[in-house]
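Dear colleague,

Please find below the structure for your review.

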Amino acid sequence: MDFELRSEYIPLCDLLKYCGITETGGMAKQLIAEGFVLVDGEVELRKRAKIRSGQIVSGEGFSIRVE
């Protein structure tokens, strides 16, 4: 799916919640902490990592292109 960024960046945990990958921010943080989220193909463990335009966030069953 595509996500249109309306500011300089979005925290990773917020992106997962807004895109419906998780129901809550807490679930998003847990998914990240367990190493199930990749940013540009690399495991990302920082819950509030700044996701910027041009990056791809992925995991099992989802891929988000940030524009």
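Lys 17, Lys 29, Lys 47 and Arg 48 form a positive surface patch. Patches are made of residues with over 30% relative accessible area and no salt bridge, like charges being joined within 9 Å and nonpolar side chains (Val, Leu, Ile, Met, Phe, Trp, Tyr) within 5 Å. This is a predicted model, in which local features need pLDDT of at least 70 and side-chain atom pairs count only at pLDDT 80 or more, while totals for chains, interfaces and linings use all residues. Residues are numbered from 1 along each chain as its sequence is written, and side-chain values use heavy atoms, with hydrogens and water left out.

Lys 47 is partly exposed at 35% relative accessibility (buried means under 20%, exposed over 50%, partly exposed in between; 1.4 Å probe, protein chains only).

There are four salt bridges, each a side-chain nitrogen of Lys or Arg within 4 Å of a carboxyl oxygen of Asp or Glu. In one of them, Arg 65 pairs with Asp 2, with the closest N and O atoms 3.0 Å apart. This pair joins strand S7 (residues 62-66) to strand S1 (residues 2-3), 63 residues apart. Asp 2 and Arg 65 also belong to a salt-bridge network with Glu 67.

Glu 44 forms a salt bridge with Arg 46, the closest N and O atoms being 2.8 Å apart. Here Glu 44 is buried at 11% relative accessible area, whereas Arg 46 is exposed at 55%.

Yours sincerely

Conventions
Accessible areas come from the Shrake-Rupley method with a 1.4 Å probe; for residues, only the protein chains shown count as cover. Lys and Arg count as positive and Asp and Glu as negative; His and the chain ends are not counted. The place of a charge is taken as NZ of Lys, CZ of Arg, CG of Asp or CD of Glu. Helices (H or I, at least four residues) and strands (E, at least two) are DSSP runs, numbered from the N terminus.
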